[in-house]
Amino acid sequence: MAALRAGDAVILPTDTVYGLCADARQEDAVRRLYRLKGREDVQPTALVAADGAALVAAVPELRSQALVPGPYTLILPNPARRFPWLTGERPETIGVRLPELSGDAAAVLAQVGFVAATSANLPGGSDPRRVEDIPEEIREGCGAILDAGELPGTASTVIDLTGPEPVVVREGAVPAAEALRRVAAL
């Protein structure tokens, strides 16, 4: 937690893969996360939160949105264009995620509320299921690493809910058809 507050990147386990995280409130911290990952600023990065209340605290306009916990990243409207350093080329949208966590990872996220998070790999690299799978340069650039052992190893399924129909942008831990059924049931 101290590392996040200091503006350092940290590695946290999620319900899918290891995440490279930074304090989403600090634009400079997020920019450092991008450099560490080798990601261009035009790519969006999700807000990952402990619970729906933390997401609504970050983006009050989400109050009326159905939020799906688990291995899903939802792209939702961001009419106030909050966190522009996370939204990439679409400032009118924002990615959000509510991973199902336990143990130390849940405790950290509960204390900080929300973070900016992306998978702890280099662009095009494999999704890290163990800390050892994370590139050394990323590990060395982090202020803290929380090791929870082996994770499932498949990134979240990304669903864009900003248009007339939900669109699966990236099939991940949940197959596309199942993910669409899940959001349709909300």
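In this tour, Ala, Val, Leu, Ile, Met, Phe, Trp, Tyr, Cys and Pro count as nonpolar, Asp, Glu, Lys and Arg count as charged, and the others, Gly among them, count as polar. The structure on display is a predicted model.

**The sheet**

Begin by displaying the strands. Nine strands form an open sheet, and their order across it is E7-E1-E2-E6-E3-E5-E4-E8-E9. The pairing in this sheet is mixed. Select residues 144-145 and then residues 167-170: these are the edge strands, E7 and E9, and each pairs on one side only.

**A pair of strands**

Next, select residues 18-22, which make up strand E2, together with residues 114-119, which make up strand E6. In which sense do E2 and E6 pair? The pairing is antiparallel and extends over four bridges.

Rolling a probe the size of a water molecule over the atoms shows where empty space is left. The structure holds one cavity of 30 Å³ or more; the largest cavity has a volume of about 50 Å³. To locate the largest cavity, select its lining: Leu12, Pro13, Thr14, Cys21, Val48, Leu101, Ala105, Leu109 and Val115. Strand E1 and helix H4 each supply at least two of the lining residues. How does this lining divide by class? Eight of its residues are nonpolar, one is polar and none is charged.

**The open space**

Turn now to the largest pocket, whose volume is about 790 Å³. Select Arg39, Pro44, Ala46, Val158 and Arg170, which are the closest to the pocket centre of the 36 residues that line it. Then colour E2, E3, strand E4 (72-77), strand E5 (93-97), E6 and E9, the elements that give two or more residues to the lining of the largest pocket. Which element gives the most to this lining? Strand E5 does, with four residues. Finally, colour the pocket lining by class: 14 residues are nonpolar, 15 are polar and seven are charged.

Note on methods. Residues numbered from 1 in each chain as written. Predicted model: local features only at pLDDT ≥ 70, side-chain atom pairs only at ≥ 80, totals over all residues. Heavy atoms only, no water. Pairing = 2+ DSSP bridges. 1 Å grid on protein atoms, 1.4 Å probe; cavity = no way out; pocket = protein on both sides within 12 Å on 5 of 7 lines; lining within 4 Å. Points joined across faces, edges and corners; volume = space filled by probe spheres on them.
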